[in-house]
Amino acid sequence: MNTLYCIKLNKELEGLERAPYPGELGKKILSSVSKEAWQMWLDHQTMLINENNLNLFEESSQKYLKDQMEKYFFSDDDLDKIQGYIPK
């Protein structure tokens with residue numbers, strides 16, 4: 001098991017086994033995001049897709065999700081809020 005310091009959860013956790021996204025962003029995620037934080041992103045991404053009725057075949061939807069993913073892990077900017085979703 002490989003561990004790393006997760007930038008999202010601020011602690012040592014199990015890392016991903018391979019880059020979950022192509023290119024430099026994927027490498028950055030692989031080296032600094034835990035499996036647990038990646039799963040949290042996938043859950044958040046699913047809500048974004050459903051709430052915004054995104055078509056993943058459209059380049060604009062793919063760009064939007066990439067931008068949200070970068071903000072989720074690597075920015076202090078506010079994420080887009082999911083209407084009707086109240087965090088626990």
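In the predicted model, the buried residues of helix H1 are Leu25, Gly26, Ile29 and Ser32. Viewed down the axis of H1, these buried residues fall within an arc of 150 degrees, so they line one face of the helix. The other side of H1 carries the exposed residues Glu24, Lys27 and Ser31. The buried residues of H1 pack against E1, H2 and H3.

Ser32, which is found in helix H1, is buried, with a relative accessible area of 11%. With its neighbours within four places in sequence left aside, Ser32 is in contact with Leu4, Tyr5, Cys6, Ile7 and Phe74. An α-helix has 3.6 residues a turn, so residues three or four places apart point the same way. Lys27 and Glu24 are both exposed.

The packing of the model was examined next. The largest nonpolar core has 17 residues, of which Ile29, Val33, Trp38, Trp41, Met69 and Phe73 touch the most other members. At least two residues of this core are supplied by each of strand E1 (3-6), helix H1 (23-32), helix H2 (35-51) and helix H3 (59-74). The most is given by H2, with 5 residues. For Phe73, the contacts are Ile7, Lys8, Val33, Ala37, Trp38 and Trp41, when residues up to four places away in sequence are not counted.

Aromatic side chains were then considered. A search of the whole structure finds 5 aromatic pairs. One of them, formed by Trp38 and Phe73, is stacked, with 6.0 Å from centre to centre and 15 degrees between the planes. Trp38 lies in helix H2 and Phe73 in helix H3, so this pair ties together parts that are 35 residues apart in sequence. Trp38 and Phe73 are both buried. In the pair of Trp41 and Tyr72, the ring centres are 5.3 Å apart and the planes stand at 55 degrees, so the pair is tilted. Here too helices H2 and H3 are involved: Trp41 lies in H2 and Tyr72 in H3, so the pair ties together parts that are 31 residues apart in sequence. Both Trp41 and Tyr72 are buried. One aromatic cluster is formed by Trp38, Trp41, Tyr72, Phe73 and Phe74.

Two members of this cluster, Tyr72 and Phe74, also have a lysine over the ring. Lys8 lies over the face of Tyr72, at 3.9 Å from the ring centre. Over the ring of Phe74 sits the charged end of Lys28, 4.2 Å from the centre of that ring.

Another is formed by Lys35 with Glu14, the closest N and O atoms being 3.0 Å apart. Lys35 lies in helix H2 and Glu14 in strand E2 (residues 11-14), so the pair ties together parts that are 21 residues apart in sequence. Lys35 is partly exposed, with a relative accessible area of 31%, and Glu14 is partly exposed, with a relative accessible area of 30%. The side chain of Lys35 also meets that of Glu17 in a salt bridge, at 3.2 Å from N to O. This pair links distant parts of the chain, with Glu17 in the loop between E2 and H1 and Lys35 in helix H2, 18 residues apart. Glu17 is exposed, with a relative accessible area of 68%. Through salt bridges that share partners, Glu14, Glu17 and Lys35 are joined into one network.

Conventions:
Residues are numbered from 1 along each chain as its sequence is written. This is a predicted model: local features need pLDDT of at least 70, side-chain atom pairs count only at pLDDT 80 or more; totals for chains, interfaces and linings use all residues. Side-chain values use heavy atoms; hydrogens and water are left out. A nonpolar core is a set of buried Ala, Val, Leu, Ile, Met, Phe, Trp, Tyr and Cys residues joined through side-chain atoms within 4.5 Å. Buried means under 20% relative accessible area, exposed over 50%, partly exposed in between (1.4 Å probe, protein chains only). Helices (H or I, at least four residues) and strands (E, at least two) are DSSP runs, numbered from the N terminus. Contact means heavy atoms within 4.5 Å. The arc is that of the directions from the helix axis to the C-beta atoms. Rings of Phe, Tyr and Trp (its six-membered ring) pair if their centres lie within 6.5 Å; planes under 30 degrees apart count as stacked, over 60 as edge-to-face and the rest as tilted. A charge sits over a ring if NZ of Lys or CZ of Arg is within 6 Å of the ring centre and within 35 degrees of the ring normal. A salt bridge is a side-chain nitrogen of Lys or Arg within 4 Å of a carboxyl oxygen of Asp or Glu.
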